[in-house]
Amino acid sequence: MRPAGLMEVSNLFIGVFLIIVGVVVKHFKLYFLIAGYNTMSEAYKEKVNIEKVATLLRSVMVFMGLALILLALASSYNDKPEITDYLFFPIVIGSVIYLIVKSNSKAYKK
């Protein structure tokens with residue numbers, strides 16, 4: 001096992017941060033942290049099921065956080081630390097695309 005590098009440590013911190021943000025938005029109802037929600041008109045806010053969107057956001061954030069933490073751990077125990085470089089952006093970009101597409105579907109409208 002080699003010592004943890006900067007990428008692994010930063011992935012751990014980013015992962016924990018994402019998990020905390022996801023839980024805080026959902027359970028403490030900090031919906032203003034959801035991009036675009038506070039700039040919506042009141043009429044459009046009434047059409048959005050914000051509880052379901054917040055649950056989706058929490059789930060995606062927790063997934064991304066856990067994936068980055070597991071990636072950091074796998075990279076520190078592996079002889080090839082570049083695995084972190086190859087998988088970091090696909091995990092984040094794929095999760096964000098999923099979040100955008102899913103949250104704009106009819107299932108999250110009232």
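## Ground rules

We're looking at a predicted model, with local features needing pLDDT of at least 70, side-chain atom pairs counting only at pLDDT 80 or more, and totals for chains, interfaces and linings using all residues. Residues are numbered from 1 along each chain as its sequence is written, and side-chain values use heavy atoms, with hydrogens and water left out.

Helices here are DSSP runs of H or I with at least four residues, numbered from the N terminus.

Which residues of helix 1 are buried? They are E8, N11, G15, L18, G22, V25 and K26. These residues sit on the same side of helix 1, because they cover an arc of only 125 degrees around the axis (the arc of the directions from the helix axis to the C-beta atoms). As a rule, an α-helix has 3.6 residues a turn, so residues three or four places apart point the same way. On the other side of helix 1, you'll find L6, F13 and F17 exposed. For reference, buried means under 20% relative accessible area, exposed over 50%, and partly exposed in between, with a 1.4 Å probe and protein chains only.

The cover over the buried residues includes helix 3 (50-77) and helix 4 (82-103).

## A closer look at K26

K26 belongs to helix 1 (residues 6-27), and its 15% relative accessibility is why it counts as buried. Its side chain makes a polar contact of 2.9 Å with that of T55; such a contact is a pair of N or O atoms within 3.5 Å, where, within protein, one must be able to donate a hydrogen and the other to accept it, and residues adjacent in sequence count only if both atoms are side-chain atoms.

Leaving out residues up to four places away in sequence, K26 touches E51, A54, T55 and R58. Contact means heavy atoms within 4.5 Å.

## The largest nonpolar core

A nonpolar core is a set of buried Ala, Val, Leu, Ile, Met, Phe, Trp, Tyr and Cys residues joined through side-chain atoms within 4.5 Å. The largest one has 21 residues, and Y31, I34, I50, V53 and L57 touch the most other members. Helix 3 supplies the largest share, 11 residues. Not counting residues up to four places away in sequence, V53 touches I34, V48 and Y108.

## N38 in the loop

N38 sits in the loop between helix 1 and helix 2 (42-47). With 47% relative accessibility, N38 counts as partly exposed. Beyond its neighbours within four places in sequence, N38 is in contact with F32 and K45.

Methods: Helices (H or I, at least four residues) and strands (E, at least two) are DSSP runs, numbered from the N terminus.
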